[in-house]
Amino acid sequence: MASWSDVVATAPELARLVQARFEATGLGLLATVRRDGSPRISGIEPLFASGELWLGSMPAARKGADLRRDPRFALHSATADKEVTDGDAKVSGRALLVDDPATAERFVDAFRTETGRAPAPGTFDLFRADLGAVSMLRPAGDHLDIDWWDEASGLHHLDRY
């Protein structure tokens, strides 16, 4: 699996578009796997900073418990309209629980730099995304432009008519 900085290095334009799409609203929809194997969708505020994609969860939130048990996730940008005017960004992979103080401090510094404020006080679950796939879909007149990257085969493009 790859870090966000790996995606930026190997597919910089796609990474820029995907990050911009998430940052336009600051929101995403996170899919996790429940204990019984069924999917769970939760809102989340992902942070792209310090070469990482960070996912946070309030203490005792179900999405955090899901990721602790089964780290597989999919993250979809917030969609504003059925025409997908601004595009759709997606990432998937594994969420790695951050349990060492140095990495947690790196997140706090990155959060402060990106937002101008410190994270809310108290405990929270913090995960660093290990990415397997990244994609961006954009309307292009009479077709859709679809760009995607996956760790195994790199960057791809498809015009879907």
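How many salt bridges does the count come to? By the rule of a Lys or Arg side-chain nitrogen within 4 Å of an Asp or Glu carboxyl oxygen, the count comes to nine salt bridges. The model is predicted, with local features requiring pLDDT of at least 70, side-chain atom pairs counted only at pLDDT 80 or more, and totals for chains, interfaces and linings using all residues. Residues are numbered from 1 along each chain as its sequence is written, and side-chain values use heavy atoms, without hydrogens or water.

**View 1. Overall chain.** The chain comprises four helices and nine strands, assigned as DSSP runs numbered from the N terminus (helices: H or I, at least four residues; strands: E, at least two). The order of elements from the N terminus is α-α-β-β-β-β-α-β-β-α-β-β-β. Of its 161 residues, 43% are buried, that is, under 20% relative accessible area with a 1.4 Å probe and protein chains only; exposed means over 50%, and partly exposed lies in between.

**View 2. Salt bridge between Asp 66 and Arg 40.** The closest N and O atoms of Asp 66 and Arg 40 are 2.5 Å apart. Asp 66 belongs to helix H3 and Arg 40 to strand E2 (residues 39–44), 26 residues apart. Both partners are shielded: Asp 66 is buried at 1% relative accessible area, and Arg 40 is buried at 14%. A network of salt bridges links Arg 40, Asp 66 and Arg 69.

**View 3. Salt bridge between Arg 106 and Glu 52.** The side chains of Arg 106 and Glu 52 form a salt bridge with an N to O distance of 3.5 Å. Because Arg 106 lies in helix H4 (residues 101–115) and Glu 52 in strand E4 (residues 52–57), the pair ties together parts 54 residues apart in sequence. Arg 106 is partly exposed at 32% relative accessible area, whereas Glu 52 is buried at 8%.

**View 4. Salt bridge between Asp 125 and Arg 68.** Asp 125 and Arg 68 meet through their side chains at 2.7 Å, N to O. Asp 125 is in strand E7 (residues 125–140) and Arg 68 in helix H3, 57 residues apart. Asp 125 is buried, with 11% relative accessible area.

View 5. Lys 63 is part of helix H3 (residues 62–69). Lys 63 is buried without a salt bridge, and Glu 45, the nearest side chain of opposite charge, is 7.9 Å away; Lys and Arg count as positive, Asp and Glu as negative, with His and the chain ends not counted. Beyond neighbours within four places in sequence, the contacts of Lys 63 (heavy atoms within 4.5 Å) include Leu 30, Arg 40, Ile 44 and Ser 57.
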